[in-house]
Amino acid sequence: MQTYHFLRSLTHINLTRPSSPLHRRSRAIRRAAYVSMARAASPRRMWTRAILGRLQLLRRARLLRRRRNYKKKTTISTPHDKLRRLVPGGEEMDFCRLLEETADYAEFLSKQVRIMRSVVDFMEAECRKKEEKV
Amino acid sequence: MSSRRSRITEDEINELISKLQSLLPESRRRSLGRVVELQASASKLLKETCNYIKNLHREVDDLSERLSGLMDNMEMNSFEAEIVRSLLRS
C-alpha cells in the first residue's frame, strides 16, 4: 500500500513538474514520501495526522486539556525532548503515547527508506542500460 | 517540585522501552545489552532511537535528491514501466 501511494505520487510529480528545478522536485518527492507513509499507516495515529495536516484539532484539544489543569508528568527528561521534536506531532503527546507513536513511526519510516532505495536502484539500472545501448 | 506520583508506572515504561528496543536494528541493540540500571539504559535507548530516526530522515532526504536527479534522465514510458514492475514485485 505504501509502495503504491509513493509510486503514484512520483508519477504525479513527473507529470506535473517535468521541468522544475531539481531542488524543488526533490522537496516534492520528500513530501510524497512522508505522505505515503502517513496514508499507509493508521489514521488514528497522531504522527499520521500531523503529517497529513490535521494537527490543528490536536492543538485545540491540548489547549482545552490545559485549561482543565490536566498535568502530564514524565519520569525521563532531556532525551525524550529530542524524540518529541523528531516524531511528527510529538509535542502534543504524553510520554507513554510518544513511545508507542515512535515505534509505529519508525516502522513505516524504515519501510519508506527500503521502498525508495529499491526505486532508486531500479532507475539507476535502467539508466545504465540506456547508456550501454547508445 | 510536586511529590505526586506519575500516572505512568515503571512497568509500563519497561514494556514500552522493550517494544522500542525490539524495533531498533540488531547491531544497535547489541551495544545496549550490557547496561543494567533502568534509568541509564532507558536514556541510552532513547538516544539510540533519536539517532536511528535522524538517520532515517537523512536517508529520505538523500534518496529524494537522487530520485529527483534520476527522474530527469528517465522518459515517461520507461518511468511507467518501472512503476508497473515495482508494483508487481512488492
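**Burial, helices and confidence in a predicted model**

Trainee: Does Cys127(A) count as buried or exposed, and why?

Mentor: Buried means under 20% relative accessible area, exposed over 50%, and partly exposed in between, with a 1.4 Å probe and protein chains only. Cys127(A) has 10% relative accessibility, so the residue counts as buried.

Trainee: Which label does Cys50(B) get, buried or exposed?

Mentor: The relative accessible area of Cys50(B) is 1%. By that value, Cys50(B) is buried.

Trainee: How many disulfides does the structure hold?

Mentor: A disulfide is a pair of cysteine sulfur atoms within 2.5 Å. Over all chains, the number of disulfides is zero.

Trainee: What is this model, and how are its residues numbered?

Mentor: The model is predicted: local features need pLDDT of at least 70, side-chain atom pairs count only at pLDDT 80 or more, and totals for chains, interfaces and linings use all residues. Side-chain values use heavy atoms, without hydrogens and water, chains are lettered from A and ligands numbered from 1 in the order written, and residues along each chain are numbered from 1.

Trainee: Where in chain B is confidence lowest?

Mentor: pLDDT is the predictor's confidence in each residue, from 0 to 100. Helices (H or I, at least four residues) are DSSP runs, numbered from the N terminus. Confidence in chain B is highest in helix H3 (residues 38-73) of chain B, at 85. The lowest mean, 54, belongs to helix H2 (residues 26-32) of chain B.

Trainee: How many helices are there in chain A?

Mentor: Along the sequence, chain A follows the pattern α-α-α-α-α-α. Chain A has zero strands (E, at least two residues). The number of helices in chain A is six.
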